[in-house]
Amino acid sequence: MVAGSQAGPSSDVQERVDPDEGDAKVEVMSQRQLIWHRFKRHRLAMAATVIVAIFYLIVIFSDFLATNDPEDIEAARQYTPPQWLRVFDGFKPDLHVCRLVGSRDEFLRKVYVKDCDQKVDVQIFARGYEYKLFGLTLDRHLLGVNDPEVTAEEAIFILGTDVQGRDLYSRLMRGTRLSLLIGLTGIFISIIVGTSLGAVSGFYGGFIDNLIQRSIEIIRSIPTIPLYLGLAAAFPADWSVERRFFAITIVVSLFAWTELARVVRGRYLAMRQEDFVTAAIVAGANQRRIIFRHMLPSFYSHIIAASTLSLALMVISETTLSFLGLGLLPPAISYGTMLFTAQNVQTVALAPWLLIPGIFVVVLVLALNFMGDGIRDAADPYGS
């Protein structure tokens, strides 16, 4: 009886103490720990973060994940339908795809029919075309066949091929890298320009503030589509892929920095009268140190959230420009250039799998927006 009477109160006390201990831990958390604590409770944002992480793994290991050379052209295998991977042969584990048997229809077009009685074995870590990864020359790929120099009936095309017989899956892996690199480069430029001009505008005020803000208003009043058309027409047709990449990055980041600059300006206007800023001035800190070492770190989280949301806009902008033929052009491989081949309704009717890059764009943009919303909610000091 004594033991039982002692066990009851102790368990009650433990139940009352645990929430208090949790609150105490939250109270002593740093700003970064508190943001991470809130972000983990946002399940949709966590799931979106995993998806974004997968996309960036594709960026790093795009050639390793590719099954064929993305630039390899073979007219004999044009419009090959997707060959979905099969993990089991009945109840036996066996990674393979159904063999494609080619024939001619009444219009003498090459058509393929799946023959699942015949299979093409798929190897893991198979040999294929050579590529560079971390400075090393490699020829191993995650999936492949025994012999990379095979006919259309013996090869694997997980997502099919386009009109030139190029493997859509491998081109999608390579296109993910280029589209996201353009977005990251554009965001990097936007953060530097927007943060710097916004900080100077909010801290100094006066004539400098008016000059920067009026410039932002002029830039934001320019119609984007006519500007894109004019800039695209100004690009020389003989520019290399690298030059056009740099030019498109500048174009898509031309408007992104203005919104961030205004947000940063508002934060600086609100903070320049704070006690810690006054203390830094009294201590003899120079203005550049006050702007970038004392005031800017106080809203790093907001800049990260805004950058995440802007990255989705960057990807859409590049895809739209390239889809309209105003951005990157072949032989560059990006989401936009891949969708450019799907503009013809007849082509889409014959090969609907050419629209798969559009699904990747939608998934990536939604994931970036959900992740950005989660970061913004977690960084809100007035959030629950």
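**Salt bridges in a predicted model**

By salt bridge I mean a side-chain nitrogen of Lys or Arg within 4 Å of a carboxyl oxygen of Asp or Glu. Helices (H or I, at least four residues) and strands (E, at least two) are DSSP runs, numbered from the N terminus.

A quick word on the source: this is a predicted model, where local features need pLDDT of at least 70, side-chain atom pairs count only at pLDDT 80 or more, and totals for chains, interfaces and linings use all residues. Residues are numbered from 1 along each chain as its sequence is written, and side-chain values use heavy atoms, leaving out hydrogens and water.

How many salt bridges does the rule give? The count is 11. One of them links aspartate 94 and lysine 119, at 2.2 Å from N to O. Aspartate 94 is in strand E2 (residues 92–104) and lysine 119 in strand E3 (residues 110–121), so parts 25 residues apart in sequence are tied together.

Is aspartate 94 buried or exposed? With 14% relative accessibility, aspartate 94 is buried, while lysine 119, at 32%, is partly exposed. Here buried means under 20% relative accessible area, exposed over 50%, and partly exposed in between (1.4 Å probe, protein chains only).

Finally, Asp63, Glu71, Arg174 and Arg177 form a network of salt bridges.
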